[in-house]
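Have your viewer open and try each task before reading its solution.

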Amino acid sequence: MVPQLEDFLQYLRLGRGASEHTLRAYRADIEEFLRFCHGRGREFLRADQWVARAYLSGLYRRGLSRITVARKVAALRSFYRYLLRQGGVETNPFSLVRPPKLRRRLPRFFYYHEVEALLALPRTNTPAGKRDRALLEVLYASGARVAEVVGLNLGDVRLEEGYALVRGKGAKERVAFLGAEAAAALKSYLEEGRPALARGAPTEALFLNCRGNRLSQRGVRYLLARYMRQAGWEKKAGPHALRHSFATHLLERGADLRAVQELLGHASLSTTQVYTHVSGARLRAVYDRTHPRA
């Protein structure tokens with residue numbers, strides 16, 4: 001147990017609203033560096049940039065991916081920045097360490113005809129089928145993250161107004177619109193599907209599994225994979241592809257980039273800009289409409 005690390009994690013939990021997944025990742029990355037310092041006979045509070053560079057070289061020698069190395073460097077830079085503010089260290093050894101440049105991968109998404117086919121697959125004559133239809137409709141209509149959707153409670157849904165209150169990264173709350181189709185599917189699930197799945201158990205969770213517990217992110221991935229196999233698709237895509245599809249389809253139909261940023265809950269516009277490169281359909285339409293010799 002390192003008191004400084006525990007204090008830092010508590011700061012992330014309470015001050016920054018970090019998720020348990022993030023906290024576990026930060027703990028593992030920082031503890032690995034602490035063991036590295038111990039193995040070299042160095043006190044981690046006295047680590048300098050040369051220790052940090054030696055650690056980084058070791059990560060590369062182990063053949064770790066660029067994204068993994070960048071994540072570890074980011075965690076340690078944040079940790080030492082916290083210690084610096086608290087007066088626990090005199091310098092941040094990772095402030096001059098440059099993480100590897102990451103190649104921005106284009107997000108996987110579904111074309112609209114694929115979304116239509118996917119949403120039509122659940123058999124809505126069963127409670128589980130009603131749940132699946134409502135779940136997929138909400139994921140696509142809201143553009144919310146999977147964690148945000150499975151974290152919804154009954155009190156977060158405003159069916160009459162057509163929106164839900166989701167809690168994103170850093171526990172930030174925002175409005176996620178549902179649309180008519182998603183609202184109708186959700187209403188059917190709430191009236192005829194959820195009561196059967198709940199089995200009388202008192203739970204506030206909106207989406208339930210077949211045991212009456214809150215549906216997990218893993219459960220959503222399993223459901224989507226099953227429907228994709230049912231459709232005969234060979235492409236690999238997870239539930240997040242519906243969020244990517246939401247953004248792509250809005251932009252292709254003329255939505256403002258900043259509006260899409262707000263709908264997705266992105267803190268930075270640069271994060272949203274990746275979707276402008278996903279499909280050239282909108283650019284082609286603009287070119288054909290405006291170029292004098294198109």
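Two worked exercises follow, after a note on conventions. This is a predicted model, in which local features need pLDDT of at least 70, side-chain atom pairs count only at pLDDT 80 or more, and totals for chains, interfaces and linings use all residues. Residues are numbered from 1 along each chain as its sequence is written, and side-chain values use heavy atoms, with hydrogens and water left out.

**Exercise 1.** Decide whether leucine 5 is buried or exposed, and find what it touches.

Solution. 
- Step 1: Leucine 5 has 1% relative accessibility, so it counts as buried (under 20% relative accessible area; exposed is over 50%, partly exposed in between, with a 1.4 Å probe and protein chains only).
- Step 2: Not counting residues up to four places away in sequence, leucine 5 touches Arg27, Ile30, Glu31, Leu34 and Phe79 (contact means heavy atoms within 4.5 Å).

**Exercise 2.** Find the residues with the most contacts inside the largest nonpolar core, then look at leucine 186.

Solution. 
- Step 1: The largest nonpolar core has 38 residues (buried Ala, Val, Leu, Ile, Met, Phe, Trp, Tyr and Cys joined through side-chain atoms within 4.5 Å).
- Step 2: Leu135, Leu186, Tyr189 and Phe207 have the most contacts inside this core.
- Step 3: Beyond its neighbours within four places in sequence, leucine 186 is in contact with residues including Ala134, Val138 and Phe207.
- Step 4: A second, separate core of 27 residues includes Leu34, Tyr55, Leu59 and Val69.
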